[in-house]
Amino acid sequence: MAMLEVDKVVKRFGGLVALNELTFEVAVDSIHGLIGPNGSGKTTCFNVITGSYRAESGSVRLCGEELNKLRIHKINPKGVARTFQHISLFNDMTVLENVMVGLHCRSMTGLLGSILKTSPVRNEERHIRSKAKEKLGFVLGKRGHVDINSPVQNLSYGDQRLVEIARALASEPRIILLDEPAAGMNATEKETLKRIIRTMRDDGITILFVEHDMKLAMSIADRITVLDHGTKIAEGEPTEIQSHPAVMEAYLGKRRRDA
Amino acid sequence: MFLHVLINGLVLGVFYALAALGFSLIYSASGLMTFVQGDFFMLGAFIAYTLFVILKLPFVIAFAVTLGLLFVVGLLTHKVVIGPLLRRGSGAIHIVLATIGLAYFFENFAMLAWGTEVYNFPSVFGDEAIQMAGLSIVPEKLWVVFIAVICMLMLHFFMTRTKMGTAMRAASQNRVAAGVLGVNVPMTEGLTWAIAAMIAAVGGVLLAPIYGVYAMMGVRISLKGFAAAVVGGYGNMYGAMAGGILFGLLETFSSTYISSEFKDITTFAALLIVLFYLPTGIFKSPIIEQA
Amino acid sequence: MADLQLHSGQKNGRAGRAAILLLVVALFLAPVVLHSHLYVIFVLCTIGIYVIVNSGLDIVYGYSGQISIGQAGFYAIGAYASALLSVRLGVPVLLTMIAGALAAAVVGIIIAAPATRVEHHFLALVTIGFGEIVWLVFQNGGAFTGGADGVVAIPPLKLGSLEFSGYRSYYYVILVCVILALMVKASIIDSRIGRAFMAIKYNPQASAAFGVDLVKYKVTAFAIGAFYAGLGGALYAHLIWFVSPETFTLNQSVLFLTMVLLGGAGTLWGPVIGTVLLIVLLEVLQGFGTYQMAVYGVIIMLILFFMPKGIVGGIEGMFRKLKVAGPV
């Protein structure tokens with residue numbers, strides 16, 4: 001069974017068809033890329049998967065279980081985590097606190113527990129804190145210059161993107177959706193990113209990513225799905241996609257139009 | 001009887017509509033809530049009182065000067081308080097509180113300048129009921145509705161047919177784009193506040209003969225006008241006017257046929273119902289996110 | 001929140017804890033030291049009550065980011081519920097106080113559930129509308145609520161044989177409540193729930209993406225804020241033994257919010273500092289006579305101009321600048 005199945009999903013905004021019976025599968029433990037020109041529906045697809053948008057028809061399934069009828073906050077506990085196209089961290093909260101929020105659905109202290117701070121509650125808090133530190137250590141590596149107790153907006157852009165990944169990892173997902181994870185990164189940061197993605201996959205997490213950086217996408221993906229105007233126009237391994245005529249046409253436009 | 005209630009409802013409604021209009025203008029121009037409109041009503045009424053009753057100037061002159069002065073007050077409010085706060089990156093809540101602070105200031109100012117009594121503003125158009133088409137109607141009330149409607153029409157004309165009005169509407173829809181196209185956006189915002197204050201002045205002058213003039217007269221208006229604007233559709237000028245009239249009718253009818261004590265509860269309950277189920281207002285206006 | 005000094009006390013360590021202990025001791029000794037200054041003790045009582053109400057409001061606004069200009073409504077519900085139950089039905093005051101706080105919390109939940117659907121200006125308007133309706137209900141409640149005349153002869157708190165009918169003794173009751181209220185708040189903000197509140201404030205979309213049920217937490221925050229306000233109201237009713245609608249107006253809600261903003265929203269001590277400063281200010285303003293309101297209005301605007309993040313926020317900002325500028 002595939003980890004994630006997007007099955008004939010249709011999403012409309014008024015008269016505009018953003019996703020046109022989109023169908024594709026993401027295999028377990030794979031790194032799957034979703035590419036396409038601007039406006040092709042990539043982020044829309046992510047938003048449908050994570051419940052921010054309700055599809056008009058079709059279904060999204062995680063290991064066979066339907067996701068599309070669930071409310072947004074019920075998706076993460078099922079094992080789907082994401083990062084955002086525009087950095088969506090919690091500014092003014094510390095780096096560590098940001099990642100601790102990622103563990104929200106893997107913890108259960110309620111209002112009463114928060115007030116009484118009994119032993120199990122304190123243990124859970126310690127556990128949340130150490131898990132968050134662990135994930136931060138993983139994405140930020142051995143570099144000691146990031147103060148995890150400083151406000152998260154003080155970090156460099158590239159580091160903030162990595163913190164977003166740490167937050168997603170903290171929720172112990174089965175699949176992570178990365179929305180343009182390399183945007184705004186320099187070459188070194190991109191190498192770090194590639195390493196992180198591969199390590200996550202090796203640790204048993206499926207990755208679905210959207211990317212504009214073709215080189216990066218081709219170099220890490222096991223499989224790529226190409227969208228144009230909400231429709232799937234190609235799918236396959238990176239080498240197949242690179243020379244696919246429909247893909248080139250979508251990105252470069254029909255030759256006749258240039259004349 | 002019914003007709004009298006209807007007319008009273010329309011009169012009240014027209015005031016709320018003028019109040020709502022002011023709120024609506026400011027919201028569409030800058031996405032801000034304001035609590036000082038009612039006090040502009042009050043200042044308008046007091047200034048007109050001073051000119052017309054104390055200095056015995058002709059009504060038309062008193063009216064025109066009042067409008068002019070309130071125009072300046074509105075402009076200054078934006079220039080001195082609102083603009084600088086916005087430039088400091090204040091959020092919506094800070095602006096709301098600032099306008100509340102301003103309201104306190106103006107109310108105290110009025111009490112110091114004019115005193116704490118209720119002043120009688122003589123009727124301009126005749127407050128003796130006359131017979132018209134077999135019914136007895138007070139001319140003052142009809143004139144009030146008439147003048148208010150004229151003002152709303154003039155505003156509509158200004159906003160849709162003049163260059164400045166169009167520039168203001170453009171700036172309210174998209175500040176950046178309008179700015180790029182040469183619209184002086186801070187100036188149009190200031191102008192919006194000035195016009196809103198002027199509209200409030202119209203309402204205040206018209207309100208004075210019917211309800212009297214006193215320092216705290218603006219407080220209820222602020223709240224109700226604001227509520228009417230939201231009920232009608234906050235960013236929508238015409239919705240605001242319709243909301244105001246609806247509120248006036250609702251209040252007058254529930255005061256007459258239910259009980260005068262519960263008229264306010266009816267209107268606020270209506271407000272809450274609308275907010276919960278129709279947050280964009282009855283006439284569907286876009287909700288402007290504070291940038 | 002990266003509340004360096006005043007949040008969870010991590011950075012504080014010993015110095016901070018010692019300071020707090022000193023403060024608590026001083027507060028316990030105050031009525032003894034100020035023995036003959038009954039009015040000062042009364043003012044301290046009102047400060048304590050407001051600190052409770054404002055701490056609750058801060059959880060709603062400062063932590064979960066929901067604008068509420070209707071806190072006076074919950075304050076009124078707590079006050080009236082406790083007053084009416086004790087006066088009309090003779091229920092012991094301790095129970096009526098708890099009932100008042102719970103009643104306010106229940107109403108908070110009822111109002112909050114649909115209120116979570118709206119944001120910013122609309123939420124502000126909903127809370128204002130709510131406050132107005134509460135005021136109207138008590139004003140027009142006829143013989144039951146006492147109407148404009150209110151409820152009189154409210155009995156003082158009695159615990160066993162102890163009757164707290166004097167300001168000096170009641171002061172200790174309020175002090176204990178304030179300490180408990182602040183401890184509970186400190187506990188909440190440094191917990192999974194507190195983080196959820198702040199996540200909602202800073203980025204509702206992202207928080208939902210990580211499993212935070214927005215409606216549930218927004219309602220919870222509202223309920224906590226309402227409970228605190230209701231408790232404050234009940235304490236108030238048995239302080240001055242009289243409640244009437246004119247105490248519970250929009251102006252009161254504005255005052256609460258101003259105190260929170262002045263001191264610094266979203267911090268433990270901000271509402272405390274803001275309350276103390278503003279109440280002292282209001283006492284000073286009495287001397288201004290007819291200029292009171294104007295000065296108050298100008299001060300509100302000055303606060304918004306120069307200290308939009310409040311005093312605590314301003315201090316934190318300075319620390320943050322120093323921290324970033326220093327060696328990293």
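Chain A of this predicted model is assigned two domains: domain 1 covers 1-79 + 173-259, and domain 2 covers 91-172. Notice that domain 1 is written as two stretches of residues, while domain 2 is written as one.

**Inside chain A: domain 1 and domain 2**

- The C-alpha centres of domain 1 and domain 2 of chain A are 27 Å apart.
- Ten residues of domain 1 and nine residues of domain 2 of chain A take part in the contact between them.
- On the domain 1 side, helix H2 (75-78) and helix H7 (187-202) of chain A each bring at least two residues to the part that touches domain 2.
- Sorted by class, that side of domain 1 of chain A holds six nonpolar residues, three polar residues and one charged residue.

**Which chains touch?**

- Two pairs of chains are in contact, and the pair with the most contacts is chains B and C.
- Chain A and chain B do not touch, and 16 Å separates their nearest C-alpha atoms.

**Where chain A meets chain C**

- Here the contact draws on 31 residues from chain A and 28 residues from chain C.
- H2, helix H3 (95-102) and helix H4 (111-116) of chain A each supply at least two residues of the side that touches chain C.
- Among the contributors, H3(A) gives the most to this side of chain A, with four residues.
- The side of chain A that touches chain C is made up of 15 polar, eleven nonpolar and five charged residues.

Note on methods:
Residues are numbered from 1 along each chain as its sequence is written. Chains are lettered from A and ligands numbered from 1 in the order in which they are written. This is a predicted model: local features need pLDDT of at least 70, side-chain atom pairs count only at pLDDT 80 or more; totals for chains, interfaces and linings use all residues. Domain bounds come from an automatic or database domain assignment. Two residues are in contact if their C-beta atoms, placed from the backbone, lie within 7 Å. Ala, Val, Leu, Ile, Met, Phe, Trp, Tyr, Cys and Pro count as nonpolar, Asp, Glu, Lys and Arg as charged, and the others, Gly among them, as polar.
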